[in-house]
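Reader: Hi! I'm new to this one, could you walk me through it?
Author: Happy to. Here it is.

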Amino acid sequence: MVNIYFDQISLNLQDKIKELFTDIDIPVNILSSIDRSISEAYLFINLNSNQDIYSYLPLKQQHQNYQFICVSNNDELVFDALCLFPIHFIRLNNIDNDIEILKSRLSTFINQKSNITAISNNKTFVSLDRNNIKYIEALDHYQFIYTLNSSIQIRSNIAKLLKELGSELFIQIHRSFIVNIKHVKAIKGSTIILDNNKELPIGRLYKAKVKEKSLDLK
């Protein structure tokens, strides 16, 4: 399910957009207002002038995972709106054609983002491909996320981070460690060995959870 928000969009166009999401088989949650606690959303905004563009710029800078679809009857605003990195620009004088183009772009864009998750980092968000995360280590109030090629330090807690990542790929194996089960190579006793040969301990209280993930723990 994706969150969508309409700002000064006609009811007729709102219906067309809702139908668009139905056609690409993606359920939507209609937001009545911009909830800054929501990490990802698709914002359909009506632009009458450059001032409308600039009023949304701080929101885009703070929430990189907010995706904008701009709507206007002024074609001259297309270039200026690029600062919002919009997915598409719907021209009201070419609405049916632009809706069809948007349908294709949204379908491709959302499918590509299916493995991308937004992780809260204090008052901002970090976007990561879940498949690239190998493991996470908690140290005090900080989490160190180790990916295929780098490591990232964020301020969060391990329970919140596990909820954001989802339980289908990730499991907490110790009070200080979360692992991506796709990167588990073997288990020896109370140790998990990752595909880069990194060894991580399995806490006594977490052995049952590891077994539930069908990891052959002995």
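This is a predicted model: local features need pLDDT of at least 70, side-chain atom pairs count only at pLDDT 80 or more; totals for chains, interfaces and linings use all residues.

Reader: Great. How many helices and strands does the protein have?
Author: There are six helices and 15 strands.

Reader: And what size of box do the C-alpha atoms fill?
Author: Roughly 65 × 35 × 30 Å, taken along the principal axes.

Reader: How much of the protein counts as buried?
Author: Of its 218 residues, 44% count as buried.

Reader: What about charges, how far apart are the mean positions of the positive and negative ones?
Author: They are 14 Å apart, with 25 positive and 23 negative charges counted.

Reader: Let's switch to helix α2. Where does it bend?
Author: Helix α2 covers residues 50-62 and bends by about 30° at Tyr56. A proline, Pro58, follows within four residues of that bend.

Reader: You mentioned β1. Which strand does Asn3 lie in?
Author: Asn3 lies in β1 itself.

Reader: Is Asn3 buried or exposed?
Author: Asn3 is buried, because its relative accessible area is 17%, and the cut-off for buried is under 20%.

Reader: What does Asn3 touch?
Author: Leaving aside residues up to four places away in sequence, Asn3 touches Asn29, Leu31, Ile38, Glu40, Ala41 and Tyr42. With Asn29 there is also a polar contact of 2.9 Å between the two side chains.

Reader: Okay, new topic: where is Ser151 found?
Author: Ser151 is in strand β10, which spans residues 151-155. Ser151 is partly exposed, with a relative accessible area of 47%.

Reader: And which residues does Ser151 touch?
Author: Ile145 and Tyr146, again not counting residues up to four places away in sequence.

Reader: How far is Ser151 from Asn180?
Author: Their C-alpha atoms are 15 Å apart in space, and the two residues are 29 apart in sequence.

Reader: Last one: among contacts between residues at least 6 apart in sequence, how many join residues at least 24 apart?
Author: In this protein, 53% of those contacts do.

Technical notes
Residues are numbered from 1 along each chain as its sequence is written. Side-chain values use heavy atoms; hydrogens and water are left out. The bend at a residue is the angle between axes fitted to the seven residues ending there and the seven starting there. Helices (H or I, at least four residues) and strands (E, at least two) are DSSP runs, numbered from the N terminus. Buried means under 20% relative accessible area, exposed over 50%, partly exposed in between (1.4 Å probe, protein chains only). Contact means heavy atoms within 4.5 Å. Lys and Arg count as positive and Asp and Glu as negative; His and the chain ends are not counted. The place of a charge is taken as NZ of Lys, CZ of Arg, CG of Asp or CD of Glu. A polar contact is a pair of N or O atoms within 3.5 Å; within protein, one must be able to donate a hydrogen and the other to accept it, and residues adjacent in sequence count only if both atoms are side-chain atoms.
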